[in-house]
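Hi there,

Here is the structure I promised to pass on to you. Have a look at it first, and then read my notes below.

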Amino acid sequence: MKYYSLFTLLLLLTACGGTQQPQGSTLPGPCDMLTLKQLEDIMREPVEDPIPTNANVGERAACSFTLPGRSKDDNLVIYILQSNTGKDLDKFKTLAGEWQARNMGAEYELETVSGYPMAFFPGERYVYPPTFLISFNQVDLAIQGAAKDDAKSIAFRAMVQYQWK
């Protein structure tokens, strides 16, 4: 009976939030990461219709936004990745290699600013969209359809907002 009571207590603590992540490690969904207004301010163009997208291999979640000022096939897509490299450069290079294979072997620029590993694939029209990868301790992100500086701004705005490190 003593073990049953202990099990029940642990179950209740878990249900009441006893295993919540510490403050500052919030992981929003990709459609809710930033408001449409924030995205429009960064992209300097209209951003509309966030649509949760089925995650592919290596992704936890994805969201596609329409960019009405562009052609029909041009979208902004934000991915939360499963990799969680934790800013480990070797693991990040492996992640970039996976995206290189997705982008048909395309070359990418690798950089590290203030300890945040980043990679940028410039994109090729009708072949693959521009793709930006970045690693924080809490999450790895991929942002497609934005210029390099805009994608960086999206990632770092989310980092500040959610206190990622």
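Please keep in mind that this is a predicted model. The mean pLDDT over the chain is 85, and 84% of the residues reach at least 70. Confidence is highest in helix H2 (residues 36-43), with a mean of 98, and lowest in helix H1 (residues 2-15), with a mean of 34. Over residues 1-25 the pLDDT stays under 50, and the model has 8 contacts beyond four places in sequence for them. Where pLDDT is low, the predicted coordinates should not be read in detail.

Now for the inside of the protein. The largest nonpolar core has 30 residues, and Leu76, Phe136, Leu141, Ile154 and Trp164 have the most contacts within it. Several elements each supply at least two of its residues, among them H2, strand S3 (75-81) and helix H4 (148-162). H4 gives the most, with 6 residues.

One more residue to look at is Gln144, which lies in strand S7. Is Gln144 buried or exposed? Gln144 is buried, because its relative accessible area is 10%, under the 20% cut-off. Its side chain makes polar contacts with the side chains of Tyr79, at 3.0 Å, and Thr131, at 3.2 Å. Other residues in contact with Gln144 include Trp99, Asn103 and Pro130.

Enjoy exploring!

Methods:
Residues numbered from 1 in each chain as written. Predicted model: local features only at pLDDT ≥ 70, side-chain atom pairs only at ≥ 80, totals over all residues. Heavy atoms only, no water. pLDDT = per-residue confidence, 0-100. Helix = DSSP H or I, 4+ residues; strand = E, 2+ residues; numbered from the N terminus. Contact = heavy atoms within 4.5 Å. Core = buried A, V, L, I, M, F, W, Y, C linked by side-chain atoms within 4.5 Å. Buried < 20%, exposed > 50% of the residue type's maximum accessible area, 1.4 Å probe, protein only. Polar contact = N/O pair within 3.5 Å; in protein donor to acceptor, adjacent residues only side chain to side chain.
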